[in-house]
Amino acid sequence: MSGGVVEGRFAGQLGDFRLEAAFTLPASGITALSGPSGSGKTTLLRCVAGLVRLPGKLTVDGEVWQDERTFLAPHRRPVGVVFQEASLLPHLSVRGNLAYGAKRASAPAQVGLDDAVDLLGLAPLMARSTGALSGGERQRVALGRALLAQPRLLLMDEPLSSLDAGAKAEILPYLERLHRALAIPALYISHDASEIARLADGVLAIREGRITPAATAAPSLEGLDAAARDRLALAALRAGLSAS
Amino acid sequence: MGEVVWTTLRLAGLTTVLLLVLATPIAWWLARRRAWWKEVVAAVTTLPIILPPSVLGFYLLIALAPQSPLMAPLHAFGVRTLAFTFEGLVIGSMVYSLPFAVQPIRNAFEAMGPRPMEVAATLRASPLDAFFTVALPLARRGFLTAAILVFAHTIGEFGVVLMIGGGIPGRTEVLSVRIYQLVESLQYGEAHRLAAGVVAFSFLALLGLLLVDRRAHEAVR
């Protein structure tokens with residue numbers, strides 16, 4: 001997988017909510033998008049995926065996905081999306097879910113089925129029906145499915161928030177492995193400071209529909225070990241630099 | 001007697017197939033639109049449930065008659081009227097059973113929610129591709145329910161088929177009409193045989209429907 005810099009800017013009204021957000025994602029690495037509920041995190045992610053249409057501009061590696069004249073429909077955007085609830089297609093098996101996007105990918109396969117299965121430990125799940133999976137397993141399959149669609153940009157909307165502590169602990173090591181292997185930009189919505197500290201290279205903070213400098217939304221540092229605190233500090237620093 | 005059963009089954013089968021094809025886009029549109037006025041369309045498609053069959057039959061007879069503007073385009077093909085024909089019966093049965101097809105399919109599409117179609121789109125499936133590979137399989141129980149209801153309801157219709165079909169033996173005479181005529185001419189023995197068959201068939205259709213529903217509930221749990 002190879003990615004490119006993502007530059008986006010959206011300004012528009014959805015009901016009583018106004019989104020006015022501009023951001024840049026580096027060509028690789030995970031950028032956390034953090035903010036209180038109702039701040040527009042999910043709306044921004046849905047704009048990037050093309051699931052919501054607000055006026056704005058979005059380019060990925062110089063390629064225009066949206067501007068005044070262009071609007072690529074969601075199925076024409078090479079994104080991988082992991083939703084808050086795994087949203088596996090219930091009429092397909094685990095293998096069927098993984099194959100659904102892989103079959104339709106327009107880019108040549110950079111992530112092979114075996115790679116994804118290895119990375120996320122999916123081998124024992126392949127033949128199962130989606131109803132027979134635990135919450136953590138479902139999210140791992142959703143993640144594998146998103147990667148196999150050969151995305152140039154990975155979008156994750158609080159993939160761990162619907163999981164209990166045990167399932168979170170089980171899936172975090174997989175996400176860390178993904179983080180090390182990932183060569184495309186990823187946007188990761190979360191308001192969990194420890195999750196951000198473990199996974200993110202940068203932080204974008206959003207409040208009332210606007211991206212604010214990360215430092216103003218410093219997540220709680222309680223309960224983090226020294227290494228994680230350092231990482232978070234570094235991430236906040238980098239985010240602060242790229243936002244200016 | 002075999003002829004009457006065959007006409008009835010042919011009518012019910014053809015009506016079911018054609019109606020599922022017609023009802024699917026209507027149900028999809030009703031399930032996905034948010035505008036309030038879509039309920040106007042929903043009310044029109046549900047109307048046949050509460051209209052007396054004689055009212056429905058009367059208007060259908062007018063619509064299928066030679067003077068009807070709806071028939072005018074068909075005159076060029078040598079078709080003057082569809083009243084008292086098998087084709088007319090199929091059209092009438094489709095109108096009569098329309099709500100029984102639209103409602104379960106619409107419910108199934110609505111129960112699915114918008115998420116599966118979004119997931120499919122983010123996995124590069126075009127809207128049409130996603131409709132066939134995600135929406136239709138997820139709504140399959142709705143289609144099964146609709147098929148059973150339409151088939152059984154068509155077997156059970158009487159007023160509409162009598163008015164627009166006229167009960168012409170070999171062409172438009174169906175079971176319910178034959179039973180009526182047998183009773184009128186006091187042939188109770190023959191009437192009994194046919195009536196009992198319809199009761200048994202209807203029971204089996206309903207039982208099948210309930211079992212499908214039960215499996216649907218178990219799948220949700």
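These exercises work through parts of a predicted model.

**Exercise 1. Confidence**

Task: Find which helix of chain B has the lowest confidence and which has the highest.

Solution: 
- Start with the whole complex. The predictor gives an ipTM of 0.84 and a pTM of 0.85.
- Go to chain B. Its mean pLDDT is 92, with 97% of its residues at 70 or more.
- Now go to the helices. Confidence in chain B is lowest in helix H11 (residues 188-220), where the mean is 86.
- The highest value belongs to helix H7 (residues 127-138) of chain B, at 97.

**Exercise 2. The neighbours of a strand**

Task: Take strand S9 (residues 202-207) of chain A. Work out which strands are joined to S9(A), and whether each runs parallel or antiparallel.

Solution: 
- Look at burial. Five of the six residues of S9(A) are buried, which leaves the strand mostly covered.
- Take one partner. Strand S3 (residues 29-34) of chain A is joined to S9(A) by four bridges, and the two run parallel.
- Ala205(A) in S9(A) stands opposite Ser34(A).
- Take another partner. Strand S10 (residues 210-212) of chain A runs antiparallel to S9(A), with three bridges between them.
- Arg207(A) has Arg210(A) in S10(A) as its bridge partner.
- Inspect the connection. S9(A) and S10(A) make a hairpin with two residues between them. Glu208(A), in the turn, has a positive phi of about 45°.

**Exercise 3. The side of chain B that touches chain A**

Task: Determine which element gives the most residues to the side of chain B that touches chain A.

Solution: 
- Count the contacts. On chain B, 13 residues are in contact with 16 residues of chain A.
- List the elements. Helix H6 (115-122) and H7 of chain B are those that give two or more residues to this side.
- Pick the main contributor. H6(B) gives the most, with six residues.
- The chain B side divides into eight nonpolar, two polar and three charged residues.

**Exercise 4. Ile179(B)**

Task: Decide whether Ile179(B) is buried or exposed.

Solution: 
- Locate the residue. Ile179(B) lies in helix H10 (residues 175-184) of chain B.
- Apply the cut-off. A residue is buried if 20 or more other C-beta atoms lie within 10 Å of its own.
- Compare. Ile179(B) has 21 other C-beta atoms within 10 Å, so Ile179(B) is buried.
- Check one distance. Glu157(B) is 22 residues from Ile179(B) along the chain, and their C-alpha atoms are separated by 12 Å.

Conventions
Residues are numbered from 1 along each chain as its sequence is written. Chains are lettered from A and ligands numbered from 1 in the order in which they are written. This is a predicted model: local features need pLDDT of at least 70, side-chain atom pairs count only at pLDDT 80 or more; totals for chains, interfaces and linings use all residues. pLDDT is the predictor's confidence in each residue, from 0 to 100. A residue is buried if 20 or more other C-beta atoms lie within 10 Å of its own, exposed if 12 or fewer, and partly exposed in between; C-beta atoms are placed from the backbone. Two strands pair if DSSP finds at least two bridges between them. Two residues are in contact if their C-beta atoms, placed from the backbone, lie within 7 Å. Ala, Val, Leu, Ile, Met, Phe, Trp, Tyr, Cys and Pro count as nonpolar, Asp, Glu, Lys and Arg as charged, and the others, Gly among them, as polar.
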